[in-house]
Amino acid sequence: MVAFVMGFYDCKMLSFTDSIVGPSQNNLEFQRCFLWGKSLWRIPSSFGCLKSNNGPVLIVKNEIETEKFEVKQEDKPRFRWVKVGPDTNEDQKQAIAQLPLKMSNRCKALMKQIICFKPEKGNLSDLLAVWVKSMNPKRADWLLILKELSRLEHPLYLELAGLALMEESFEACVRDYTKIIHGYAKQKKVQEAENTFLAMKRGGFICDQVTLTALVHMYSKAGNLKLAEDTFEEMKLLGVPLDRRSYGSMIMAYIRAGRLSQGESLLKEMEAENIYAGREVYKALLRAYSMNGDSKGAQRVFDAIQLAGMIPDAKVCGLLINAYVVAGQSSEACIVFENLRRSGLQPNDKCVSLVLAVYEKDNKLSKALDFLTDLERDGFLLGKEASEVLVKWFQRLGVVEEVEQILRDYALRTAH
């Protein structure tokens, strides 16, 4: 005769047999309870119950499946705090000795570890974790350390700055991210800069003009015109104010891509808003037109430089002269040179060599000699580049000795 036990299973009254099956029958623990004055057994819900073979089989299965997790506890390598001692090399000793006297001990402790850092002792993340836990740094401490690493141009500067962003005590702001992006951009590490930018956006920081300009500048230097254009357009769509640096970075992207007309159009757009690019942007555009022999484009940029209130120097004038020389416009090149002298500027060796190249092309040796004599009266001495033009010209004519005599005669007459 089968004995039945009355019990509760998942808040339902059920009949269980005298045979109980479960994951571990040897360690079954039953909880005794009372219902209507009778003693009952509460069976853990992880077990099923089977009737004996003498009668029909009644199976009650637990509907809740238990997941099995494997917990792996990896031992993280603790950073070995290096003792700065006799094994420190001379460069490390010198760097430690140059640490600011007013730097706090907590900052000096970390700086010494970074200066003597060796990857085999642990990673930088573990080092910072040990320092943060023991020293409880504030934002001022972080900033002082980063400033010192930047001054030393330490190779771990950007890595440490990136790790600092994740520390609560650092109290990161949007400008901290921008500095790191700009640092990666200078090293042409585009992927690292983009990762920092994405981390900034995930952190809830709003993209501003400075950050986006740093990205445009980075893409410009990397030669990625498409991404530079996309970022620049994003700035416009967000209504972010554009300044001379924003425009300048985009113009440089166009120049590097050889799209000079687009760069010049953007330059005019700036001027319409009473914003003027930096001198280096004007010179870069002028140089590009000059090398291409586009004298009209070079003249437009040259005029724009003066309209922006910048006084052209000998180098700028030399770029304009070169544009006319490459374009084969000899007379215009000479006119620019004469205007340079009338304005009181002292011509450089490059300008003189360009004019000599014009006279050589037109086979005007006597004019070239008069030109050199005139310059000599003003105290100008031929430099390396101009001298090389003359030597090649005279060698081609086969009159090296005759010209040397003529030059001596000119020198004597000038002395008297």
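1. Before the details, the ground rules. This is a predicted model, in which local features need pLDDT of at least 70 and side-chain atom pairs count only at pLDDT 80 or more, while totals for chains, interfaces and linings use all residues. Residues are numbered from 1 along each chain as its sequence is written, and side-chain values use heavy atoms, with hydrogens and water left out.

2. Taking a salt bridge as a side-chain nitrogen of Lys or Arg within 4 Å of a carboxyl oxygen of Asp or Glu, the count is 13. Some of them are worth a look one by one.

3. Start with Arg151 and Glu148, whose closest N and O atoms lie 2.5 Å apart. Both belong to helix α4 (residues 139-151), and because they are three residues apart, about one helical turn separates them. Helices here are DSSP runs of H or I with at least four residues, numbered from the N terminus. Glu148 is buried at 6% relative accessible area, whereas Arg151 is partly exposed at 48%. (Buried means under 20% relative accessible area, exposed over 50%, and partly exposed in between, with a 1.4 Å probe and protein chains only.)

4. Lys226 is exposed at 53% and Asp230 partly exposed at 35%.

5. Which parts of the chain does the salt bridge between Arg175 and Asp208 link? The N to O distance is 2.5 Å. The pair ties together distant parts, 33 residues apart: Arg175 is in helix α6 (residues 174-186), and Asp208 is in the loop between α7 (190-202) and α8 (209-222). Arg175 is partly exposed, at 29%.

6. Now to helix α11 (residues 260-272).

7. The buried residues of α11 are Leu260, Gly263, Glu264, Leu266, Leu267 and Met270. They cover an arc of only 160 degrees (from the directions between helix axis and C-beta atoms), so they lie on the same side of α11. They pack against α9, α10 (244-256), α12 (279-292) and α13 (295-307), contact meaning heavy atoms within 4.5 Å. The face turned away from the buried side carries the exposed residues Ser261 and Ala272.

8. Finally, please look just after α11, where Asn274 takes a positive phi of about 60 degrees.

Terms used:
Helix = DSSP H or I, 4+ residues; strand = E, 2+ residues; numbered from the N terminus.
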